[in-house]
Amino acid sequence: MDALITLQVDGRERTVTVDTRTSLLDALRERLEVTSPKKGCDHGQCGACTVLLDGRRTLSCLSLAVAQDGSEVVTAAGLADGDALHPVQQSFVDHDGLQCGYCTPGQVCSAVGMLQEAADGYPSHVTEDLNAEVVLTDDEIRERMSGNLCRCAAYPNILAAIREVAGR
Amino acid sequence: MSDLLTPREIGEDRVRVDAAAKVRGAATYAFEQPVDDPAYLYPVRATVARGRVTGFDTAAAEALDGVLLVLTHLNAPRLASTDDGELTILQSNGVAFRGQLIGGVVAETSEIARHAAELVRVEYDEHEHDTELRADRDDLYQPGTVNPDQDTTTDDGGVDRALATAAVTVDHTYSTPMEHNNPMEPHACVAIWEDGPRLTLYDSTQGAHGVRTTLAPILGLDPEHVRVISPYVGGGFGSKGMPHAHNVLAVLAAQLVPGRPVKMALTRQQMFELAGYRTPTIQRVRLGADRDGRLLALSHEAAEQTARVKEFAEQTTVVSRVMYAAEHRRTTHRLAALDVPVPSWMRAPGEAPGMYGLESAMDELADACGIDPVELRVRNEPEKDPETGRPWSSRRLVECLRRGAERFGWDDRRPPGSRREGDWLVGMGVASATYPGFTMPGSVASVTYRGEGRYDVRIGAADIGTGTWTTLAQIAADALGCPFECVHLEIGDTALPMATVEGGSSGMSSWGSTVVAAARTFRDKFGEDPGVGDSVSDSAPQKLPDAKKLAVHSFGAHFVEARVNVDTGEVRVPRMLGVFSCGRIVNPRTARSQFIGGMTFGISMALHEASVMDHRLGHIATRDLVDYHVPVNADVGDLEVLWLDEPDEHANPMGTKGIGEIGIVGSAAAVANAVHNATGIRVRDLPITPDKLVH
């Protein structure tokens, strides 16, 4: 069954017909030619498909497109302001927080979402004091970024990149 | 000795030229290549481990709206060559392993293709299967050679006698499990078959030219009529070193919808049977030494598996041919041919599992002799390559060990099981690393002057995350004597001159040598003031004169701190140091990333990775990124990398030896040795899961 939906994608209104079985990820990649989010597992296990959905980091492979009619989607492509990279993107470049680059757009979106979560006071599994302001220690960053796999294992560089943006 | 380049750009800490595109997601990987009106292919796979297909019922699939084609062996185009047992698919009704490709559906959308594939009913005549590797099997055989083309056996005949008389002996069996490469980008391609016939294949590969060279004869095509395009590759770690069967399926399907691009991406689950893997190994290592730890005998014997349908013989014990001096030596490989998917390259095939065995045994020998493990290795340093007697082009293992020990605080290491901090037992481990310095012949590069000081440098090389887009341009800049910004590099396309595969850590050495040769020819012909459009193509010399006289290898040392929870057996690696001697480093930024990537593969090999085969069904049960754990950010502690940056003047004009694989070699042993130092427990079967530490 098909459905006509409208999404705000990286600041543009996009109307598209999707199969009701189409994931948000496949709607972006296969129907809208928005290939910034990547498919690494299609099961919510790797994080390569992470986008910001109405401002929150979301695994787009685990969401059906038809359920997101009217939503705002920001991919890594939409984080940059023209030629100017988003500070998280620039920091990934500066710290070599990538090798093959396939997980990178998801890492970047995840980091942007995670920094906001921390600013909003969301605790993580390693947060000691649930009532205190979140301090993004190395352990906090590692834990909060552990939904995004990087087989090239740029992890120490991703950590350094986010640490810098977090102002530590 | 080669004519070494003077480094100006080489050695510069350059940001990756493709980094800005990659952080936006603007680098286009195979599946993402913009093509008009693509169709989507989803495979049908065997659900028995061995047997014959006796019937397909494709009616329900074909009746589905949007289905263009249901492909089986009954209607698939014939292949011109069926010599490659992995790539020969849909040519008969035979099933050689569970998950093998036996059909496919092409449809207007990926959802329809997948749905239709599930509607295809298959009947089988199922045969008995055999998927279990054991060292006591009576059908193990010696392969003719081991990967890539090395002797299967070396034996001077004196090992058993020497072991019988040695003052100290170690005799243990170590095992490593089946492991899967799992690059983040699943194997994907877009195949376009056009009249002529001509094939365009956008592929995710470590070698576009190798894909063409392999596929063209199988398809009966003139290689000139096959174009393979692969500008960006989402990791490979060996699994994209050669085409796999899904490429053939996509091309067979494309032939039946000519002119229509056919897109295919393996799912993560499908990769576990169709994209290669590291064979499990069972390694018996026997060491005989005097009381001072000096080796008299070294025997390393491996049993491993291959697929009945195609042989791949991993070179597990070759590390024991180069690492240590010992008068009496033996290395062997024996294979079991099983009804399993086809094993293949995974980061440092041979060296990675073999070094786990050897370096674990060396740690046990250090214990048995009461000698510090660093000192034991230093005492067994060979003056020449122990097997061939050739001098080393350079060997600075001792310096790596000494420098690493000092940097890591090795002096603080205590006897096994004697350091406890709260609920954690803490230990340190060391292991050596080595990797051959391959420079492959056969690549060609072109250099063309574009005016205003600018040059086009073209070679069909690959960047799988290794940094080729940046580092090969750095080499070209030095070879041409021009600024980095004046080099316009083109790679990743068979429309460019021939390039060897990104494998065996040979990419930069091989392609760099070629670019240097082309640049030198260009200067010889056109001088320093060329005209616009002046152009040459050239290849590097077949072999450097020194290559046959010298043993060219990289070396290194890993130091690991492991913490083991006394209650749960959880192992953490809070810090690790790798010190490497790999010739000249072209770009310290990308090099460091490759080293830490390799070291992390080693931590993961030690602690996490194992593919579990259910032998009753011939089924790989761990088949996604939850059941097959690859490291996440929280698994990785502080990794430090040092290198002894000195060109190996015998290796090639850049003095490089390759860095992509040595990081994983020995690192798993260093973790295992640290776990032993922490707990006193020697785990000889990877991975070191908590159940092996809590009794």
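Author: Let's start with a helix pair: M355(B), Y356(B), E359(B), S360(B) and D363(B) of α9(B) meet A668(B), A669(B), A672(B), N673(B) and H676(B) of α15(B). In contact means that C-beta atoms, placed from the backbone, lie within 7 Å. Helices (H or I, at least four residues) and strands (E, at least two) are DSSP runs, numbered from the N terminus. This is a predicted model, where local features need pLDDT of at least 70 and side-chain atom pairs count only at pLDDT 80 or more, while totals for chains, interfaces and linings use all residues. Residues are numbered from 1 along each chain as its sequence is written, with chains lettered from A and ligands numbered from 1 in the order in which they are written.

Reader: At what angle do α9(B) and α15(B) pack?

Author: About 35°, with the axes 8 Å apart. Axes are lines fitted to C-alpha atoms, for helices over the stretch in contact, and angles run from 0 to 180 degrees between N-to-C directions.

Reader: On to sheets. What order do the strands of the open sheet in chain A have?

Author: Strands of a sheet pair through backbone hydrogen bonds, either parallel or antiparallel. Here five strands run in the order β2-β1-β5-β3-β4 (chain A), with mixed pairing; two strands pair if DSSP finds at least two bridges between them. At the edges sit β2 (12-19) and β4 (56-59) of chain A, each pairing on one side only. From one strand to the next, the twist averages 40°. Helix α4 (residues 104-119) of chain A packs on this sheet, touching β3 (50-53) and β4 of chain A.

Reader: And β1(A) with β2(A): parallel or antiparallel?

Author: Antiparallel, over eight bridges. One pairing to look up is V9(A) with R12(A) of β2(A).

Reader: Which residues are buried in α3(A)?

Author: Buried means 20 or more other C-beta atoms within 10 Å of a residue's own, all placed from the backbone. In α3 (residues 87-94) of chain A, that holds for V88(A), Q89(A), S91(A) and F92(A). Down the axis of α3(A), the buried residues fall within an arc of 165° (taken from the directions from helix axis to C-beta atoms), so they line one face of the helix. Their packing partners are α2 (76-79), α4 and α6 (155-165) of chain A, along with α1 (19-24) of chain B.

Reader: How many residues does each chain bring to the contact?

Author: Chain A brings 50 and chain B 49. On the chain A side, α6(A) gives the most, with five residues.

Terms used. Contact = placed C-beta atoms within 7 Å. Buried ≥ 20, exposed ≤ 12 C-beta atoms within 10 Å, placed from the backbone.
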